[in-house]
Amino acid sequence: MNDVAAYALRLGDDALVLAQRLGEWSARAPDLEEDLALTNIALDLLGQARALLTRAGELESAGRDEDDLAFLRGDREFCNALIVEQPNGDFARTIARQLLFSTYQLALYDRLCDSADEVLSGVAAKAVKEVAYHRDHAREWTLRLGDGTQESHRRMQDGIDWMWPLAGELFECDELNERLVRRGIAVDARALRPAWEHVVTDVLEEATLAVPETDWAPSGGRYGRHGEALGHMLAVMQSTHRAHPGATW
Amino acid sequence: MNDLWEVFVRARRGLSHQHVGSLHAPDARMALRNARDVYTRRQEGVSVWVVPASAITASSPDEKDAFFDPAGDKPYRHPTFYDVPDGVPHL
């Protein structure tokens, strides 16, 4: 697979896997309003994933479309970051993931608008508005849970502590990323970290939450090395397509 | 802690806000965001108001006759004696 296709697949897999995770909240969220909020966000991400996987399929020139890539790959072929595949946990943990990931994704898409690849820049330009809302949603909930009751504070801190070490992988810049940065196609992931830390730290402090201190930095998702949970998630996500190949609405 | 809020949406510039329903939210900022997610996801609006349901004073069904019936036999108040010009869809 060529560089640009692999890069589009990374971004697309991040969006697809997180969309599926958020979709798992459907009919299980704390209330009707939040049910719709989380599934709206999931649909935004799914839309981004469709465009990115389609682009990856075109550039790969192996005849795979978005459905083939989404439903007919095994977990070792997915190149999403580890943070998006984490099981939802409780509502606070899901919000913690939303805060850390959407802050990263907003900074990424903001810069990707200038990509030399027309499809990547087009997807980014449309998605920036969507993700700005995702981050706003996560921020509002982080403030309320962190600076809420003793119980909500404890759960929000647990969520942040769980997700924080996994965020580091988002800012890794490997050789593929470097080659594409030189061609003006990709965003240098390392460059996103300072602004990300600034935004996230501000929110955590306002929410009376502690910024975790840890050296643990799990990684490997970009190369298909995932946790056990991703396989279970994909089994659910892919079962209908695999049971009924080629089915359409 | 989850109060009831009434939601008003303006479909586009030039129209007034219409009541579309209600929702629960812990405070005004969250009510506005919930309203966006629940009531404008199919491009229904360009502006949203949320109002605490407790802030609304409503007419009572018991007062219905005294409130509304006296207007029933006064057709001269209705704007039905004019021709609406073409090209004025929202009069």
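Read along the sequence, chain A runs α-α-α-α-α-α-α-α-α-α. This is a predicted model: local features need pLDDT of at least 70, side-chain atom pairs count only at pLDDT 80 or more, and totals for chains, interfaces and linings use all residues. Residues are numbered from 1 along each chain as its sequence is written, with chains lettered from A and ligands numbered from 1 in the order in which they are written.

Reader: How many helices and strands does chain A have?
Author: Helices (H or I, at least four residues) and strands (E, at least two) are DSSP runs, numbered from the N terminus. On that count, chain A comes to 10 helices and 0 strands.

Reader: Which residues does A:Asp3 touch, not counting residues up to four places away in sequence?
Author: A:Asp3 lies in helix H1 (residues 3-23) of chain A. Contact means C-beta atoms, placed from the backbone, within 7 Å. The partners are A:Leu176, A:Arg179 and A:Leu180.

Reader: Which element gives the largest share of the side of chain A that touches chain B?
Author: The contact takes 8 residues from chain A and 11 residues from chain B. On the chain A side, helix H2 (32-60) and helix H6 (118-146) give two or more residues. The largest share, 4 residues, comes from H2(A).

Notes: Two residues are in contact if their C-beta atoms, placed from the backbone, lie within 7 Å.
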